[in-house]
Every structure is written in structure tokens, then in C-alpha cells.
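Welcome, and please take a moment to turn the model around before reading on. The paragraphs below walk through it one part at a time.

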Amino acid sequence: MPRNYKWQPYNGARHAIPQELKPNHIGYTLCGTELTAGPDTWPEDARCWPTCVECDLAWRADEHILPWPRKGCSATLASPSSPTATSKTEPALQP
């Protein structure tokens, strides 16, 4: 399935930009920030940058993926005294 957007590190965060935006061309991120696209290979430190929340929400809407975190869900781990998850939570992760 072809993707409409790709991710680009910019100004301390990862932003979604149109797939067809070529390096050194000016375009806009999904959050509306103007930028000059860089290469598709990223500097090593940029791989750990946070994802722009606005870009992530718009990208997920375009891909028909539910937003994260999902309402009514919790990523809480069960404690040893309570090995099962309660209702309205994700299943407990077991070692």
C-alpha cells in the first residue's frame, strides 16, 4: 500500500511531510510548518526525537489508524498481587 506521507526530522521533532516532497524542495508538514525537505536518511540522533503530536494525529487520520493513546485504554502493567487486568484496560503484560 503506497503511503501519502513520510517522516522528516525538523526542529527537534519528527514531522510528516508529503511523500512526493523531494530533498531541498520547500513544503509543509501536516502540522502546517514550512520546511525545506532533507534527505530520506536521518542523522542517528534524530531517530530518538519525539513525534509531532499534530502530525501524528493527521497522519493517523489519513491512514485510518485510531489515535494513540486510545480512549478507555491504559497501558498499566498488572502488579504481582493482581495478575489480571481490570475492565477498560489493556490486557496485563506477563513476563
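A contact here means heavy atoms within 4.5 Å. Leaving aside residues up to four places away in sequence, Gln8 touches Ala13, Arg14, His15, Ile17, Leu35, Ala37, Gly38, Pro39 and Trp42. Is Gln8 buried or exposed? Gln8 is buried, at 5% relative accessibility, where buried means under 20% relative accessible area, exposed means over 50%, and partly exposed covers what is in between (1.4 Å probe, protein chains only).

A word on what you are looking at. This is a predicted model, in which local features need a pLDDT of at least 70 and side-chain atom pairs count only at pLDDT 80 or more, while totals for chains, interfaces and linings use all residues. Residues are numbered from 1 along each chain as its sequence is written, and side-chain values use heavy atoms, with hydrogens and water left out.

Now for the overall layout. The protein chain has 1 helix and 4 strands, and from the N terminus on they run β-β-β-β-α. These elements are DSSP runs numbered from the N terminus, with helices (H or I) of at least four residues and strands (E) of at least two. Of the 95 residues, 21% count as buried. Among contacts with a separation of 6 or more, 38% are between residues 24 or more positions apart.

How far can each part be trusted? The predictor's confidence in each residue is its pLDDT, on a scale from 0 to 100. The chain averages 81, and 72% of the residues score at least 70. Where pLDDT is low, the predicted coordinates should not be read in detail.

Next, look at helix α1, which spans residues 53-63 and has Cys55, Asp56, Trp59, Arg60 and Glu63 as its buried residues. Seen down the helix axis, these fall within an arc of 130°, so they line one face of α1; the arc is that of the directions from the axis to the C-beta atoms. What do the buried residues of α1 pack against? They pack against β1 (5-10) and β2 (13-18). On the other side of the helix, Val53, Glu54 and Ala61 are exposed. After α1 comes His64, whose phi is positive, near 60°.

Side chains of opposite charge can pair when their charged atoms come close. Counting a salt bridge as a side-chain nitrogen of Lys or Arg within 4 Å of a carboxyl oxygen of Asp or Glu, the model has 4 salt bridges. One of them joins Glu63 to Arg3, with the closest N and O atoms 2.3 Å apart. Glu63 lies in helix α1 and Arg3 in the segment before β1, so this pair ties together parts that are 60 residues apart in sequence. Glu63 is buried, with a relative accessible area of 10%, whereas Arg3 is partly exposed at 41%.

Another salt bridge brings Asp40 and Lys6 together at 3.1 Å, N to O. Because Asp40 lies in the loop between β4 (34-36) and α1, and Lys6 in strand β1, the pair links parts that are 34 residues apart in sequence. Asp40 is exposed, at 54% relative accessible area, while Lys6 is buried, at 11%. Asp56 and Arg60 form a further salt bridge, at 2.9 Å, N to O. Both lie in helix α1, 4 residues apart, about one turn of the helix. Asp56 is buried at 14%, and Arg60 is buried at 17%.

Finally, the cysteines. A disulfide is a covalent bond between the sulfur atoms of two cysteines. Taking a pair of cysteine sulfur atoms within 2.5 Å as the rule, how many disulfides are there? The count comes to 0 disulfides. Cys52 is in no disulfide, and the nearest cysteine sulfur, that of Cys55, is 3.8 Å away. Cys52 is buried, with a relative accessible area of 11%, while Cys48 is exposed, at 70%.

Methods
A disulfide is a pair of cysteine sulfur atoms within 2.5 Å.
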